[in-house]
Structures are given as structure tokens and as C-alpha cells.
Amino acid sequence: MERTGYFDTLETRSAEEREMALAAALRAQITHAKTNAPFFAEWLKDVDPAAVTGRAALARLPVLRKGNLGAVQKKKPPMGGLLGVPLAQVQHIFMSPGPIFEIDTVEKDYFRGARAMYAAGFRAGDIVHNTFSYHLTPAGIMMETAARALGCIVVPGGVGQTELQLDAIEAIRPVGYVGTPSFLKILLEKAVELGKDISSIRNAFVGAEALPPSLRQMFRDHGISTLQSYGTADLGTIAYESQALEGMIVDEGVVVEIVRPGTGDLVADGDVGEVVVTTFSKAYPLVRFGTGDLSTVLPGISPCGRTNMRIKGWMGRADQRTKVKGMFVDPEQIALIARRHSELGRLRLVVDWVDQQDVMTLKAELAGGSTELAKSVEDNVQSVCKVRGRVEFVAPGSLPNDGKVIDDVRKYT
């Protein structure tokens with residue numbers, strides 16, 4: 001049965017109410033960041049918080065891009081002076097590929113995922129099977145804290161061990177699934193193969209990779225209502241789907257801007273640009289944080305009645321960094337693989353969508369190439385990128401000399 005309703009009254013505020021609250025919150029957040037986070041004290045040293053009276057004033061501030069975050073953090077590890085609270089208030093320090101470090105605190109629903117899960121139909125008392133990773137990266141804990149904030153009971157499945165996870169689902173009978181859409185597909189197919197009953201799952205909350213219409217329909221055919229959200233480990237939830245399935249609604253805890261890639265300049269509504277986010281987190285007060293992701297603003301409000309800005313969702317990367325099976329892969333990682341295998345020529349990582357899942361192939365220029373070498377390179381791909389990929393040796397000089405290290409050719413149907 002479809003579960004409707006709103007998480008709270010913030011979702012249905014008038015535009016005037018929201019903008020007045022936003023202006024006050026921006027002034028307070030910039031004051032807090034300059035006072036308590038050494039990086040922002042310098043980064044925003046010429047900014048008068050009292051002058052930031054709304055979106056137009058915010059758009060004049062500099063953009064801190066995620067691609068530069070690793071360098072900032074390395075200057076004063078682990079957090080680079082970006083924290084707005086004493087380190088003693090931090091509960092976890094996570095390490096995402098890059099490496100980039102993120103945190104959480106004891107604050108309830110620190111990553112603000114509960115609102116999005118509620119829109120997806122999750123309710124107090126639901127048993128939820130969480131298949132995001134609990135190892136180093138924050139995804140597992142991000143989703144667990146959101147579900148627990150709603151009053152759900154969480155099964156910490158983590159990643160992998162498909163048959164063991166099926167045993168747990170069959171025995172515990174969760175009504176909710178949290179994880180990547182590709183792993184839900186694997187679970188459903190393996191359950192059929194092994195004769196496992198996982199029909200208790202009625203709602204799925206997915207993210208970290210694309211959810212094409214054909215895959216959503218497959219889940220629907222299994223009686224599973226599936227909605228997705230968009231967020232990052234640094235910012236938490238940015239936007240989420242509702243039952244209306246018309247774009248993604250911006251979360252009430254952030255301000256989203258769409259700018260021309262490489263600049264801080266806003267694009268016209270409807271134009272594609274880079275997603276820039278300001279969060280109101282006191283612990284990690286990111287102001288005008290450039291995610292490197294592409295999206296566009298949709299006109300009007302959602303048919304579900306939620307009144308905040310809508311974006312189309314994730315539309316690719318403004319740089320070559322891309323996400324594969326929920327993990328970011330960037331050119332620096334390919335460069336590290338190249339250094340480990342000096343016998344290889346030019347490298348090009350091709351990411352495709354095959355049989356409803358991400359497939360990663362590292363094309364490497366080399367005359368010949370043995371099975372043993374291919375296995376060694378593949379092991380390094382797994383070690384460096386945290387995602388499996390196969391290696392294909394190609395003739396020297398055959399890869400384009402166009403500066404592209406990662407070629408994302410995925411097309412979703």
C-alpha cells in the first residue's frame with residue numbers, strides 16, 4: 001500500500017516563508033563558519049555575513065570544489081580546518097576514495113536522510129535491510145541513522161555475501177531495502193535461483209548509482225515501490241524523489257545552486273550546470289561547495305505538494321571523476337595504477353551499463369600482454385578503485401590522444 005503524507009510542515013511552506021528563513025540561516029551559518037572553522041575564516045575573510053541576505057548575495061561568494069578538498073585536508077589532516085565544532089564532538093571519521101575525509105556527530109539524523117526515506121514510504125516500526133557499506137566510507141551509517149531517526153529497525157547487511165543476505169531477509173522479513181539498485185536486482189535474481197522468499201520487501205530506497213526506468217519497472221513487477229535520493233558523503237542528502245516521480249525535491253537542510261562548470265556563476269533555470277550546495281550543518285559548515293555533479297532546475301513545484309526547488313537529479317560529472325557501483329573513481333587513481341605498471345602505455349577507463357549494472361573496463365596500450373599481467377592489473381584496479389574491473393590490452397597508439405582518462409559511455413533505458 002502506498003504511504004503518503006509529509007515528514008513535517010517545512011516541506012509545504014510558501015516560497016516567501018522559505019526564503020525568509022533561508023536568509024536568516026545563511027547569515028548565521030556564515031558567521032558560524034568564519035568564527036569556528038579556520039579554513040572558512042580565511043576563505044571568507046572578505047565576506048560580511050550580514051550582507052548575505054539571500055540567494056543573490058550567496059551567489060557572489062567563492063566556490064570550494066570537491067576536487068580541491070583533498071588538497072585542503074592534506075594541509076592540516078584529517079579535516080583541513082573545515083570543522084565548525086571541536087574534534088571531540090565528532091563521532092566518526094570516514095575515508096572515501098581520494099582520499100577525502102568526512103565526519104558525523106551524535107546529532108540525530110546527522111546526514112538528514114530521514115525526510116527522503118519518509119517520502120519513499122519508510123515508517124516507524126519497519127524493519128529495514130541496509131546493504132550499503134559500513135567499512136570506512138559513510139554510506140552504511142548514513143542510511144542507518146536516517147532509518148533509526150524514523151523509528152525503523154535496521155538489519156546491517158553491508159555489501160556482498162549475497163546468499164547470506166538472502167538467508168537474513170528470508171528469516172527476518174524486512175519490509176524495506178536500502179542500497180544500490182544493482183544489488184537489489186542481484187538479490188531478486190539470486191532469490192529466484194535459490195528458491196528464497198524475499199517477498200516481504202515492499203519499499204526500496206536506493207542511491208549511489210543510476211536507476212533507469214527499466215530497472216525501476218523490474219522492481220515494480222516484484223511488488224517493490226522504489227524511490228531514490230541524491231546526496232554526497234560531505235553534505236548528506238541533497239535531493240530526493242517523492243511518489244510523484246517528477247524530478248528530485250531539494251532537501252530542506254541545504255541551499256542548491258546550479259552554476260556554469262568551473263565558475264561560480266548561476267546558469268538560467270533549465271540550463272545544465274554544476275550542483276553547488278550550502279549546508280546548514282554546524283559541525284561541517286560547507287558554504288558554496290561544488291560537488292562536480294551536473295543537474296538542472298525543473299520549473300514549478302512537485303505534484304506531491306512539496307514546494308521546494310526541484311532538480312532533475314544526477315546528470316553526469318563536470319569533470320572526469322565518475323561514480324561506479326556507488327564508488328567514485330577519478331583520474332588520479334588511474335594514474336596510480338599506471339605507476340604500478342610502467343610496462344603499460346596509455347590507459348583509458350571505460351565505464352558502461354550492461355545487463356542493468358555498471359561495467360568497468362581498463363583499456364591499456366601494450367603489445368601482447370599475458371593472462372598473468374591482466375590478473376595483476378585487475379587486482380590493482382580492485383585495490384585502488386575499490387571496484388572490480390576487467391583489463392583489455394589494445395595496440396600501442398590505438399587509444400585517442402584527447403586527454404580523457406575516464407570515458408563514461410553509459411546509456412540508460
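Reply: Helices (H or I, at least four residues) and strands (E, at least two) are DSSP runs, numbered from the N terminus. This is a predicted model, in which local features need pLDDT of at least 70, side-chain atom pairs count only at pLDDT 80 or more, and totals for chains, interfaces and linings use all residues. Residues are numbered from 1 along each chain as its sequence is written, and side-chain values use heavy atoms, with hydrogens and water left out.

Me: Where is D293 placed?
Reply: D293 lies in strand β13, which covers residues 289-295.

Me: Is D293 buried or exposed?
Reply: D293 is buried, because its relative accessibility is 3%. Buried means under 20% relative accessible area, exposed over 50%, and partly exposed in between (1.4 Å probe, protein chains only).

Me: Which side chain does D293 join in a polar contact?
Reply: The side chains of D293 and Y230 are joined by a polar contact of 2.7 Å. Such a contact is a pair of N or O atoms within 3.5 Å; within protein, one must be able to donate a hydrogen and the other to accept it, and residues adjacent in sequence count only if both atoms are side-chain atoms.

Me: Turning to helix α8, how many residues does it have?
Reply: Helix α8 (residues 181-194) has 14 residues. From first C-alpha to last, α8 reaches 20 Å, close to the 20 Å expected at 1.5 Å a residue; the expected span is 1.5 Å times one less than the number of residues.

Me: Which residues of α8 are buried?
Reply: They are P181, S182, F183, L184, K185, L187, L188 and A191. The buried residues of α8 pack against α7 (162-172), β6 (176-179), β7 (203-206), α9 (213-221) and β19 (357-365), where contact means heavy atoms within 4.5 Å.

Me: What follows α8?
Reply: G195 follows α8, and the phi of G195 is positive, near 70°.

Me: Now the open sheet: what is the order of its strands?
Reply: The nine strands are ordered β5-β4-β6-β7-β8-β9-β10-β15-β14, with mixed pairing. Two strands pair if DSSP finds at least two bridges between them.

Me: Which strands stand at the edges?
Reply: β5 (153-156) and β14 (297-298) do; each has a single partner strand, so one side of each is left without a neighbour in the sheet.

Me: In which sense do β4 and β5 pair?
Reply: Strand β4 (residues 127-130) pairs with β5 in the parallel sense, over four bridges. In this pair, H129 stands opposite V155 in β5.
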